[in-house]
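Here is my note on the model you sent. Please read it with the structure open.

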Amino acid sequence: MNWKLTKTLFIFVFILVNIFLVAIYIDKVNKSQINEAVSDNRVNFQQEEIKVPTDVLNKDVKNTEMQQITAQSKNFSSYAKKHSSLSTSDSGKVLNGEINSTVNVSDSNLKEIKNYMKDNIFGGKNYQLSKMNSDSMTFEQTYNGYPIMNNSKALLKFNINDHKASSYKQTMMNDIQAAKGSNSSKSQVIGPRKAIEALYFNRYLKRHDEVVDARLGYYSVVKETNVQLLQPNWEIKVKHNVKDKTKTYYVEATSTNPKVIDK
């Protein structure tokens, strides 16, 4: 046996093993530093005396990707001509409907009104409840399951009399498609915590304020006569301590450095 060669090989292997161990150690140190940096940048809302519901912070958007979209206002003129109970206004962009049958809206799960929407409203299954009171019930149009938020061109509003729907007005966005451009590809959605932290770092959220709710959807950032550019946004409602007033903010949902729109 060539002991000199064996000794050389042993030393060579020993050096390789040590290099490998050093590389593993450096990787662990780097990851530790990154985790510490991420942790250091997180806002401690409790310490800042800002109320944020746990269920809001924990909304899961893992593997959720969204992108900017464009859409146009639907013209209901030809559709209304085929139905005697319907008429249009605003150059055909608003559909007005009379409800002749009894549609009860007092049940807690709104089964009757939802069935009516599915069977009688144009694209009715693509609207979700936004708000309601004793006189009216408003639904927002959705796209891929997410609401088109705070948009008068994508609403379904029922008038209510004695717990029954009597008539409605409808607007709708159609020809919805992915926006063109280098910044319009699908991107991972940021979590609600990061969106709320954007409000804090931009000084919209201050001590003793309270985050009421946060929801993910599309918000119009460009409104032309017929075409809109809609951007994935977090809609965040904040109750401010100073004025005891609730305000709505929109935060970019697919940006690593999200901008805030003060509505």
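1. **Burial.** Of the 263 residues in the chain, 37% are buried. Buried means under 20% relative accessible area, exposed over 50%, and partly exposed in between, with a 1.4 Å probe and protein chains only. This is a predicted model: local features need pLDDT of at least 70, side-chain atom pairs count only at pLDDT 80 or more, and totals for chains, interfaces and linings use all residues. Residues are numbered from 1 along each chain as its sequence is written, and side-chain values use heavy atoms, with hydrogens and water left out.

2. **Overall make-up.** The chain has five helices and 15 strands. Both are DSSP runs numbered from the N terminus: helices are H or I with at least four residues, strands E with at least two. Among contacts with a separation of 6 or more, 59% join residues 24 or more positions apart. A contact means heavy atoms within 4.5 Å.

3. **Surface.** The accessible surface of the chain is about 16500 Å². Carbon and sulfur atoms hold 49% of that surface. The areas come from the Shrake-Rupley method with a 1.4 Å probe; for residues, only the protein chains shown count as cover.

4. **Helix H5.** This helix covers residues 192–201, and seven of its 10 residues are buried, so it is largely enclosed by the rest of the structure. The buried set is Pro192, Arg193, Ala195, Ile196, Glu197, Ala198 and Leu199. Just after H5, Arg203 has a positive phi of about 65 degrees.

5. **Largest pocket.** Its space is about 360 Å³. H1 (3–41) and H5 are the elements that each give two or more residues to the lining. H5 gives the largest share, five residues. The lining has 14 residues, and Asn41, Arg193, Lys194, Glu197 and Phe201 lie nearest the centre. A pocket is an open set of points on a 1 Å grid over the protein atoms alone, where a 1.4 Å probe fits, with protein on both sides within 12 Å along at least five of seven lines; lining residues have an atom within 4 Å of a point.

6. Most residues other than glycine have a negative phi. Which loop holds Ser91? Ser91 lies between strand S3 (86–89) and strand S4 (94–98). Its phi is positive, about 60 degrees, and Ser91 is exposed at 63% relative accessibility. His208 lies in the loop between H5 and strand S12 (210–223). The phi of His208 is near 75 degrees, and His208 is partly exposed at 41%.

Definitions and conventions:
Points joined across faces, edges and corners; volume = space filled by probe spheres on them.
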